[in-house]
Amino acid sequence: MKKLKRREFFKYSLAGTGGALCSNLITKIPFIAIPDTAYALSSTGKLSHVEAKYYKKLEHKEIECQLCPKKCKVGDRERGYCGVRENKKGIYYTLVYGLACSFHKDPIEKKPFFHFLPGTDAFSIATAGCNLNCKFCQNWEISQARPEQTYNIELSPEAVAEYALKGNSSSIAYTYSEPTVFYEYMLDCAKLGRQKGVKSVMVSAGYIQPEPLVELCKELDAVKIDLKAFTEKYYQEICRGKLQPVLDTLKELKKIGIWYEIVYLMVPTLNDDMKDIKKMCEWILSNLGPDVPVHFTRFIPLYLLKNLPPTPVSSLEQARKIAQESGLKFVYIGNVGGHEGENTYCPKCKKILVGRYGFTITQMNLQKGKCKFCGEKIPGVWG
Ligand code: SF4
């Protein structure tokens, strides 16, 4: 088995900070594994055997998974929808614990989080698997893969926390695929990270049951939710999921009191109806309040939606205007480098609080979480 020295692993895995997709990383992993000792490259086929946390035993060795709203009923020697959990003789196991197929040091702005430690880095990891199947997924090579189909590196929670710390990352991000499906691994990484003074953030579709969410949030510091549309039709036809559980997750996050931000990827002709966007903004305002940041991001044709054009910037601007007029205070435009909608503005004096160009911070006018011009307190996690 090929292994790699800690220093070499560190050097290669943390090289560069922006722009790399997981798919690129998959191809890099065999390369970094060529040197000797310390971390083994798990060849395709090696899986973990750690008992899952949320499931119920049924008759005849069948189980019901209770981690996400799909609530898969899984027979002996079968897997759930996400492909990374397996029933063996009536015990349900996660197959991806400690098996990262992607890891990278990213700016926190890439997740995107705009009100969470701006200008810092997040040591970002993923495993194979997802509990949805979005036709626009930019990381489909890993999200729609089974763990046997990705190159996985053995990366224990201790190692994740250590690499984050030594690489000067302020946080660990669980991202790229859907972290809900590697729940147990994420939970342990977050616990160990916290012990070492490293925060944890989840980048998720929010397709998770309330009980595991509540337990997880005790160890997390922030959550980003992709609210993919505001219609059940879109969730069913484009994502193979349901809208209501995601709305329930958002309300639960507010109740828990953890910091969270919302991203809305606007896909031309599919979820860019401004009437629906208005309804969504009104729902956010009345259920979550005016302070939650909402990012309208530009769609780039990928995966199963290559037939559609990129989102016109004018549509993003229109959505942002609707959201602002609805009363939301922090509304952003994403994936349009240099747009004024990338900046954070003070809701009181309207001056730029955090200037951005893409993932780069160009100016910082916040002092201890307050506007340095007028003293307005700005919601978020600032230090
Ligand atoms: S986490 Fe996976 S196995 Fe469990 S209910 Fe969701 S899709 Fe099914």
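**Before you start**

The model is predicted: local features need pLDDT of at least 70, side-chain atom pairs count only at pLDDT 80 or more, and totals for chains, interfaces and linings use all residues. Residues are numbered from 1 along each chain as its sequence is written, and side-chain values use heavy atoms, with hydrogens and water left out.

**Stop 1: the largest pocket**

Select Lys 110, Lys 111, Gln 138, Asn 139 and Lys 224. Of the 46 lining residues, these lie nearest the centre of the largest pocket. A pocket is an open set of points on a 1 Å grid over the protein atoms alone, where a 1.4 Å probe fits, with protein on both sides within 12 Å along at least five of seven lines; lining residues have an atom within 4 Å of a point. The space inside is about 1100 Å³, a volume being the space filled by probe spheres set on the points.

Next, colour strands 14 (199-204), 15 (222-226), 16 (259-266), 17 (294-298) and 18 (331-334). Each supplies at least two lining residues. Strands are DSSP runs of E, at least two residues; helices are runs of H or I, at least four. Domain 1 (3-42) and domain 3 (102-344) each give the lining at least three residues; the bounds come from an automatic or database domain assignment. By class, the lining has 21 nonpolar, 15 polar and 10 charged residues.

**Stop 2: the second largest pocket**

Select Arg 320, Gln 324, Lys 329, Tyr 345 and Lys 350. They lie nearest the centre of this pocket, which 13 residues line. Its volume is about 220 Å³. Helix 10 (313-326), strand 18 and strand 19 (344-345) each supply at least two lining residues. Domain 3 (102-344) and domain 4 (345-383) both contribute to the lining, so the pocket lies between them.

**Stop 3: the ligand**

Show the residues around the ligand, among them Cys 65, Cys 68, Cys 72, Cys 82, Tyr 81 and Asn 131. Each has a heavy atom within 4 Å of the ligand. The shell has 7 nonpolar, 2 polar and 2 charged residues.

**Stop 4: an aromatic pair**

The whole structure holds 11 aromatic pairs. Select Tyr 54 and Tyr 183: their rings are edge-to-face, 5.6 Å centre to centre, with 90 degrees between the planes. Rings of Phe, Tyr and Trp (its six-membered ring) pair if their centres lie within 6.5 Å; planes under 30 degrees apart count as stacked, over 60 as edge-to-face and the rest as tilted. Tyr 54 sits in the loop between strand 3 (50-51) and strand 4 (55-57), and Tyr 183 in helix 5 (residues 183-195), 129 residues apart.

Notes
Ala, Val, Leu, Ile, Met, Phe, Trp, Tyr, Cys and Pro count as nonpolar, Asp, Glu, Lys and Arg as charged, and the others, Gly among them, as polar.
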